[in-house]
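Trainee: Could we go through this model together? I would like to begin with the helices and then turn to the chain contact.

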Protein chains: 2
Amino acid sequence: MDQLSAPRFDLLTAPGHLIRRAQQQHQARWIELVGTELTSVQFAVLAKLAAESGSDQNSLAGTLSIDTSTLAEVCVRLASRGLIERKRSPDDARRYRLSLTPAGRSAFEWHTPAVDAVGEALLAPLSARERYTLMALLRRVIEA
Amino acid sequence: MDQLSAPRFDLLTAPGHLIRRAQQQHQARWIELVGTELTSVQFAVLAKLAAESGSDQNSLAGTLSIDTSTLAEVCVRLASRGLIERKRSPDDARRYRLSLTPAGRSAFEWHTPAVDAVGEALLAPLSARERYTLMALLRRVIEA
DNA sequence: ACGATACTGTCCGTGTACGGATCATCCGTG
DNA sequence: CACGGATGATCCGTACACGGACAGTATCGT
């Protein structure tokens, strides 16, 4: 008889678990430094529209890697709070042209320093070199 | 005039975004290799109960780093599918004692190889040394 | 001009995630 | 014993996440 029959599973070696935990850390820092007025996903939408106005939901979902269903909900919430505007494109009646309202732009600009601070705080335990390494490794995992 | 007035935000340097993307990758691999019968969170619960039967929801939530509200829902689903059993503890009528049913144990054992394969697939772009580095860095970020 | 095809956004169902309020139960102290 | 505080679990509201089905619109080939 041996004891190999019962599979074991160690969470500390499971990449999925570590990634989930890291996201929890990130969210905790976000709440602490940015607050609950904007979520990180909502901020990402505002940031993208600040850089490039007039995208439609599909291409925005693509560049932000957010599911189109999910992005639709996010956009509805942002629009209902007056942070973005959704107008049907004159060229293509299926598309929405998304743009920041002035309130949306100022929300984006106002929160940007705190968002940068979230990244700082999250990576605070690491040296500059280690931070770079972590980001580079994550990027390689993602692009597979 | 200068152009510093408009804040920019680069998603590729935002840790939160990279972590979110990594989790998406993980989930995609999970669906591909494990399927939709069990989610990664559900598997984690089964794995923990396989190693240590009789925990209550609170301590389980602690060791798995899952919110107690969330874990309650997960446990209800697992129980309704007959994979775990929830009995009130005789010592303390507030507690549930959680344990695997035979179906739960075999589900755990059956899926374990695929779950290992998910970790493999996710880290496939990295060398063994890089994998170790990534996990170690993530662990340090989490434990802060 | 018209039909097959592709595309945009919505809706539905399920699951994870978390804070806050609530209820029942337990426990330590007076 | 009684009471106040701690604890286990639930419930509610909100938000992200994703697949599949759907309706409306555009486009391309014939």
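Mentor: Axes are lines fitted to C-alpha atoms, for helices over the stretch in contact, with angles running from 0 to 180 degrees between N-to-C directions. Helices are DSSP runs (H or I, at least four residues), numbered from the N terminus. This is a predicted model: local features need pLDDT of at least 70, side-chain atom pairs count only at pLDDT 80 or more, and totals for chains, interfaces and linings use all residues. Residues are numbered from 1 along each chain as its sequence is written, and chains are lettered from A in the order in which they are written.

Trainee: At what angle do α2 and α5 of chain B cross?

Mentor: Roughly 115°; the axes of α2 (residues 40-51) and α5 (residues 102-122) of chain B come within 10 Å.

Trainee: Which residues make that contact?

Mentor: From α2(B) they are B:F43, B:L46, B:A47 and B:A50. From α5(B) they include B:F108, B:H111 and B:V115. Residues are in contact if their C-beta atoms, placed from the backbone, lie within 7 Å.

Trainee: Changing topic, how many residues does each chain bring to the contact between A and B?

Mentor: Chain A brings 43 residues and chain B brings 43 residues.

Trainee: Which helix of chain A gives the most?

Mentor: α1(A), with twelve residues on the side that touches chain B.

Trainee: And how are the two copies related?

Mentor: A rotation of 180° with 0.0 Å of shift along its axis superposes chain A on chain B, with RMSD 0.0 Å (least squares on C-alpha atoms of residues with pLDDT of at least 70 in both). The two copies are thus related as by a two-fold rotation axis.

Trainee: Why do the copies meet through the same surface?

Mentor: Because 98% of the interface residues of chain A are also interface residues in chain B.

Definitions and conventions:
Two residues are in contact if their C-beta atoms, placed from the backbone, lie within 7 Å. Helices (H or I, at least four residues) and strands (E, at least two) are DSSP runs, numbered from the N terminus.
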